[in-house]
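Have the sequence and the 3D view open side by side as you read.

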Amino acid sequence: MKQLFINIKELLQVRDEPVEKLSGAEMKELPSLKNAWLLIENDKISDYGEMNSLPEINADKTINAEGKIILPSWCDSHTHIVYAGNREQEFADRINGLSYEEIAKRGGGILNSAKTLQETSEDEVYEQSAKRLEEVMKLGTGAVEIKSGYGLTEEGELKMLRVIKKLQQNYELPIKATFLGAHAIPKEYKEKPDAYLNLVIDQILPKVAEEKLAEYIDIFCEKGYFSVDDTHKLLSAATKFGLKPKIHVNQFNAIGGIQAGIEHDALSVDHLEVMRPEDIESLKGTNTMPVALPSCSLFLSIPYTPGREMLDAGLPLALATDFNPGSTPSGNMNLVVSLACIKMKMTPEEAINAATINGAYAMELSETHGSITKGKKANFILTKEIPSYTFLPYAFGTNSIESVFINGKMLE
Ligand SMILES: [Zn+2]
């Protein structure tokens, strides 16, 4: 099946030479072709060029994209899409004056989601999660990472990871699974948090590895949750099972989580709302992708990751949603890109690079996703008629997407 798109106003993120990731000043460049054509063969990008060089192509279907832009679909490298129930009551509590930490102390927060998850059947969790996955695909997400972390028992964590596995089997977009058993200390372990970490390491982790339920390991390295020592301990154990680290660090406090991640060659370190100069320094020249989650900052009214500062220091940066019931009940990457421009002072070019190719890197998908490159998967967004790509982050409340293609197939 050959599909030919013609008269494309602008074909964005065109990379003849594939890149793994972009850093610092490289992120200012967003290569594109104006008045372009794009040929899709089955599930892959086959060829592209400018209209004045369009060869004779025998296509099964020709789509006129006049006035419209095509860009790679979003690569959302940090989500918690699999969960049960919602926490809109806590949202109201916060408006009435309680802080995120106070809500957590009252047994709300992550523990609240864990209780609901434990009480909900695997099929029901799947149904709820699949609905959210379909929602974000329609919003332009064409590759996604999903974490466990609301089970906090062996049964609960494995249930979540099996739901992720089922999503992987039933949907065409790539889904990467991360084991986040060390997301919070369950109530029963409040007085003996070490015992919980040991349970995660000695009992749950080997099962996750044995059933091949996750590629990545995650931990919430934060005051009141898990320490830097805990992080070292877990990452050492997980690396032995072949799970690469992608970890939650520097959300409320900078306690050395970034350095711990780098020491274990983390694929990514995520959140980074609180960054010390030495944290930026540590990330230089490493393989670790820093990931910012600006819609979490919006929802919690906490500082934004200092993206401008990090890019000016020469670092790479990826953008993701953090879609979860407590701190970011939104999986809208379009909003994330807007917030990066509005609140983090990233240019539209930098934000789009961060949400596509660098997001792909943070899921080890750079070879197949994140840019318009021959041979890559045909996962892309076709916009409505819009004046320019800057309109995407600028018109932050407008849905500028006309259709989304995954593996060359248009989403219904
Ligand atoms: Zn998260």
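Strands β8 (residues 175-182) and β9 (residues 216-221) run parallel and are joined by three bridges; strands here are DSSP E runs of at least two residues, helices H or I runs of at least four, both numbered from the N terminus, and two strands pair if DSSP finds at least two bridges between them. Within this pairing, F179 has I217 of β9 as its bridge partner. This is a predicted model, in which local features need pLDDT of at least 70 and side-chain atom pairs count only at pLDDT 80 or more, while totals for chains, interfaces and linings use all residues. Residues are numbered from 1 along each chain as its sequence is written, and side-chain values use heavy atoms, with hydrogens and water left out.

Step back and you will find an open sheet of eight strands with parallel pairing, in the order β6-β7-β8-β9-β10-β11-β12-β13. Because β6 (74-76) and β13 stand at the edges with a single partner strand each, one side of each has no neighbour in the sheet.

Now for the metal. H78 (NE2), H80 (NE2), H248 (NE2) and D322 (OD) coordinate the zinc ion at 2.1 to 2.2 Å; donors are N, O and S atoms within 2.8 Å of the metal (3.2 Å for Na, K and Ca), and sites may look incomplete as water is not among the atoms. H248 lies in strand β10 (residues 244-249) and D322 in the loop between β13 (318-319) and α12 (333-344), so the pair links parts of the chain 74 residues apart.
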